Amino acid sequence: MENLSRRGVLSLGAALGLVGVADGARAWAWPASGSVASTGTGADPEYVWDDATDPLMAALIKNGSVPSINTAMQGWVNNGDPLPSGLPAALTDHLRQVNQLPSWADRTKLARAADFNRRRDTYLFMLYGLGSGIMSTVIPREARSVYWSAGGADMQDRAAKTFTFGYDLSQLGAFEPKGQFVVTANKTRLVHAAVRHLLPQSPHWTSGADQDIPISAADILVTFHSLGTYVHSKLTEWRIPFPAEDQEAFLHSWQVAVHLLGVPDEYIPKTWAAAHAQSEQVLTPILTPTTEGVELAEDLLGLTAQIDLGVTRGFLNEFVRYVLSDEVGDWLGLRRDHAAAALVRTAWPAYIKFREGLSPVMPGTFYLVDQFIRALAMLFLNKGSSGTTTPITIPTGNRPTG
């Protein structure tokens with residue numbers, strides 16, 4: 001299932017807007033001069049993890065501290081909240097160092113990014129949810145790590161937590177004291193460190209793994225490109241007005257996000273050109289189906305089918321094919337619905353034109369599409385409720401089996 005031809009990679013890369021595909025076996029060659037640090041060691045991020053967080057979380061898991069940490073962190077939500085009391089001293093010391101923006105963060109750009117996200121939230125919901133979300137199931141390492149970790153056993157909860165990361169990043173004031181993204185990113189960083197300790201103990205994960213430790217810096221960069229870089233490509237492809245200032249601000253919000261997840265600055269692209277060049281090396285060549293990914297995709301699309309609103313599963317399948325390519329749809333075994341395909345390929349462009357003021361005529365499908373998008377967003381935000389946040393908890397084990 002995982003053999004992917006060179007021709008297949010090229011066609012998929014073109015379909016996703018991630019063209020100029022590199023050789024998947026090629027050694028790390030992306031220049032650190034293209035990073036926000038402008039310099040670096042040249043070390044392959046494939047073998048870089050999180051030295052500041054990983055040993056700490058391993059020790060906390062081993063000594064049984066995680067349940068009390070999760071309880072203490074329940075009320076730690078907004079960026080301006082004080083660090084929770086009751087945390088182990090070592091964890092408090094760690095959070096004091098990392099629970100802040102990098103020195104190079106530009107609050108003006110972050111504010112503009114938040115405004116851009118507000119203005120473009122409709123497209124972002126669809127691209128993050130049905131584009132990036134389903135793309136993650138054909139990223140082999142990500143699919144396997146998700147499936148065999150504790151979160152893989154409850155995909156609605158897992159999807160809600162994943163969606164929260166992007167949702168918090170997209171909010172007005174996301175990086176301000178009343179926003180939540182800095183806290184969300186730091187909790188996610190702790191979860192990543194826990195998973196790095198736990199997954200190597202799973203015989204199910206190790207039997208198919210091509211790495212000894214999951215979630216390397218390279219893997220986080222892959223996730224960034226499946227989200228930020230992919231969205232940048234699609235918004236451009238759809239000819240949605242995207243001024244240079246908005247593009248720069250959108251990238252900056254992701255630069256800060258990737259930094260907060262613990263990726264060294266020497267790997268964080270400083271321009272969209274650099275980001276696309278890096279994506280060509282680390283993302284497009286690795287896309288391929290796995291048994292775990294096919295099952296996860298079915299779980300995720302089954303969740304979105306809950307909202308229905310008169311939209312059939314065929315519509316969901318065809319929208320995924322529209323934003324990711326028929327090749328991905330075939331990999332995932334998404335049944336064709338040619339009537340729905342025709343609807344998607346006419347309704348979505350018409351929807352965009354009307355929203356952007358490029359057509360004075362409201363398409364007859366406008367209301368259906370608009371309501372579907374908003375229902376999709378709420379489905380993943382805290383399991384469909386209107387809560388203010390989705391709790392992110394540190395796992396203490398892997399996916400239950402048996």
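Buried means under 20% relative accessible area, exposed means over 50%, and partly exposed lies in between, with a 1.4 Å probe and protein chains only. Keep that in mind, everyone.

This is a predicted model, where local features need pLDDT of at least 70, side-chain atom pairs count only at pLDDT 80 or more, and totals for chains, interfaces and linings use all residues. Residues are numbered from 1 along each chain as its sequence is written, and side-chain values use heavy atoms, with hydrogens and water left out.

Confidence comes next. pLDDT is the predictor's confidence in each residue, from 0 to 100. The protein chain has a mean of 86. In 84% of its residues, pLDDT is 70 or more. Over residues 1–11, pLDDT stays under 50. Residues 382–387 also stay under 50.

Now, helices. They are DSSP runs of H or I, at least four residues, numbered from the N terminus. Look at H7, residues 140–148. Here 9 of the 9 residues are buried, so the rest of the structure largely encloses this helix. Among them are Arg141, Glu142 and Trp148.

Next, two loop residues. Ile215 sits between helix H10 (203–208) and helix H11 (217–237). Its phi is positive, about 55°, yet Ile215 is not a glycine. Buried or exposed, which is Ile215? Buried, because its relative accessibility is 14%.

Ser38 lies in the loop between helix H1 (6–16) and helix H2 (54–62). Ser38 is not a glycine either, and its phi is positive, near 70°. Ser38 has 39% relative accessibility, so it counts as partly exposed.

Definitions and conventions: Contact = heavy atoms within 4.5 Å.
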